[in-house]
Amino acid sequence: MGMIPEKTVQEILDTARIEDVVEEFVSLKRRGSNMIGLCPFHNEKTPSFTVSPSKNLFKCFGCGKGGSSVQFLMEHEGHTFPEALRYLAKKYNIEIEEIASSKEHIEERKLQDSLYIVNQYAQDFYQKQLFESDAGKSIGLSYFKDRGFREETIRKFGLGFAPNGKNIFTQQALSIGHKEEMLKQLGLTSQYGSDFFRNRVMFTIHNLAGKVIAFAGRILTNDKKAPKYINSPETDIYNKSRVLYGAYFAKKAIRQLDECILVEGYTDVISLHQAGIENVVASSGTSLTVGQIQLIKRYTPNIKILYDGDPAGIKAALRGLDLVLEQDMNVKVVLLPEGEDPDSYLQSVGASEFRKYVDEQAKDFILFKTQLLMAETANDPIKRSELIKDIVSSIALIPDPIKRSLYIRECSTVMEVSEELLVEESNRAVALHMRKQRQEERREQRRREREQQRKPQSPSRPQEGPPARSGDGYFPDAPPALSEEEAELIDGEPATTAPPKRAIGNEFQEKDIIRLLIESGSKWHDEAKGINIATFILSEIEEIIDDFDNPLYGRIAKDCLQRLVTNKSVDTQYFLNHSDTEISKIAVDLIHSPFEYSPNWEEKHSIVLRTQPMPELNFTKDSEQALNRFKFSKIGKMLKVNQERIKKAQEENDWELMQRYIKVDLKLRASRSELASILKTVIPPPTA
């Protein structure tokens, strides 16, 4: 792949809508002009992740991450800058005519993408074997068609067949240039050079972006020595505890229906999806993990779990569901008729009856568990007391105290135990659970500290990432280096809480000037004269551009001035995608506020802002006011410096120099008085 021209980069950035991109991965709800959801970058229970369609950016007020669509994809999917651009180009059907790049660059990119490339090749190989080889058609295709899968479904889910030869796949992969090292790393080839998957039907596992990350192979013969399923090993791109089968195909339906159906097997997911029930994923035969639960929680807090009608299996599965409650999910359980699994029951009754059954039979998890276990302990007081403790321990895991109290009330009726007793037991269990959590957090903190101490101190790395857009239009593949604040985040949570830094000098006024340059620099201040906001502001402060108290704000102002001098635009997207991560981060922080002008003033109360344009459209007046406040504060600083000069000249009896400084003082005071009148502010009295 080559480099992406600057013109195409700009088209992609201008076309991409942040809400479209984020909604593929996070469930968002409208709140005023913004959208809000649970942050995918750190574990939270109260939404602090905000998307602003009008500003075309995201911001989490919990962990601090924010930026454009490109930054979201780089953070969430681990894309490089060019990969994120290509993802967006594909999404919005923007053709990329790439500039030819060097052989070294091609090799570097191939190395970075090699794991995905090899996996995609493997999927294509297995699917070709399924549809074109004699064994694939007679064994694999027959199996899938017997399950009722249509051809378009088979192709959509990337189903295939692994032939029975010793190294058919490995030899073909090597013959077209794939490296044996990569084949072994992905678990496609064994350490002895033979095919890992042989004579099995193949299920492809995708990540949330639709890339192939792993495989599962099912044997169809009655070989008791061979496992029914074998899976790819964990790799740099596949962590099974954070992956749910079918999530890529289900995420849109889960978000729309605000509910996720969880089943056990691959074929269950495919059958339900083909029948139009698309909000379904599978844990692939393993117990649910916190990572998988949090993956579902990105899209909905509501989960419905389908169980085969086997009481022994259900009881075993229920033991692992306390994790779901602990993540504050709303859990319902559906028990299928005995001897049925989701796939078989769907085939026997059809899609509409299946939906009806699932909706009618869904029971709240706590009450389902209580009723199931109560039947076994009816006449045994010892088992009954153990049951009560078991149920209470599950209720204690629920973070929401209101939910806990409602469950206690319901369970007291079902178990015929006083509510006061259950409340007392619940409080004791909650306290115990919180104590265990704190102990675990302390152990984890100590583990991190030990790891940090063992790490060798390395020199600071050079800055990486996309450079500020310039005429060459070239972008490297490395993501931006982490800022200090981002580096301090461990598992999405701040490692320490530092006291806020106090603003120095004229920092507040400088910050407002920089906010305007970033947010409105390209907008017109006087369209008739061809003067935009950036030109208006920078022409007024050019002489004192080296006098910014805040070094970062000074760098941004100089960067803007340099772009104007070279006839380049000063626009928001430039700052949001800046190579300097300090600048891109401050850009997000400055233009995305947790507060917004409520539309209810007009919609509910018919109160309209008449004296001026709406805040987001009032950049001309805003820039004039900000510039005057900036000048007012700078003149105040200049007066203090000049006063020191007068005092020094007086002490040295240099009357001529003192007279010159007094004239400067008078001019500065006159200018300050004029600005004070415009700003309708009071000049502060001189300090002693």
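Student: At what angle do helix H1 and helix H4 pack?

Tutor: The model is a predicted one. In it, H1 covers residues 6–15 and H4 covers residues 81–91. Their axes lie 10 Å apart, and the packing angle is about 65°.

Student: How many nonpolar residues does the contact of H1 with H4 have?

Tutor: On the H1 side the contact uses Val9, Ile12 and Leu13. H4 contributes Leu85, Leu88 and Ala89. No polar and no charged residues take part, and the nonpolar ones number six.

Student: Which residues does Leu88 touch, leaving out those up to four places away in sequence?

Tutor: Leu88 belongs to the largest nonpolar core, where Phe49, Phe72 and Leu88 have the most contacts. Contact here means heavy atoms within 4.5 Å. By that criterion, the partners of Leu88 are Ile12, Ala16, Val21, Ser69, Val70 and Leu73.

Student: How many residues are in the other core, the one with Leu141 and Ala173?

Tutor: The largest core has 75 residues. Apart from it lies another, which also includes Ala282 and Leu336. The residue count of that other core is 57.

Student: What share of the chain's residues count as buried?

Tutor: Buried means under 20% relative accessible area. The chain has 688 residues and exposes about 36700 Å². The buried share of its residues is 47%.

Technical notes
Residues numbered from 1 in each chain as written. Predicted model: local features only at pLDDT ≥ 70, side-chain atom pairs only at ≥ 80, totals over all residues. Heavy atoms only, no water. Buried < 20%, exposed > 50% of the residue type's maximum accessible area, 1.4 Å probe, protein only. Areas by Shrake-Rupley, 256 points an atom, 1.4 Å probe, with all protein chains shown as cover. Core = buried A, V, L, I, M, F, W, Y, C linked by side-chain atoms within 4.5 Å. Axes fitted to C-alpha atoms, helices over the stretch in contact; angles between N-to-C directions. Helix = DSSP H or I, 4+ residues; strand = E, 2+ residues; numbered from the N terminus. Nonpolar A, V, L, I, M, F, W, Y, C, P; charged D, E, K, R; others polar.
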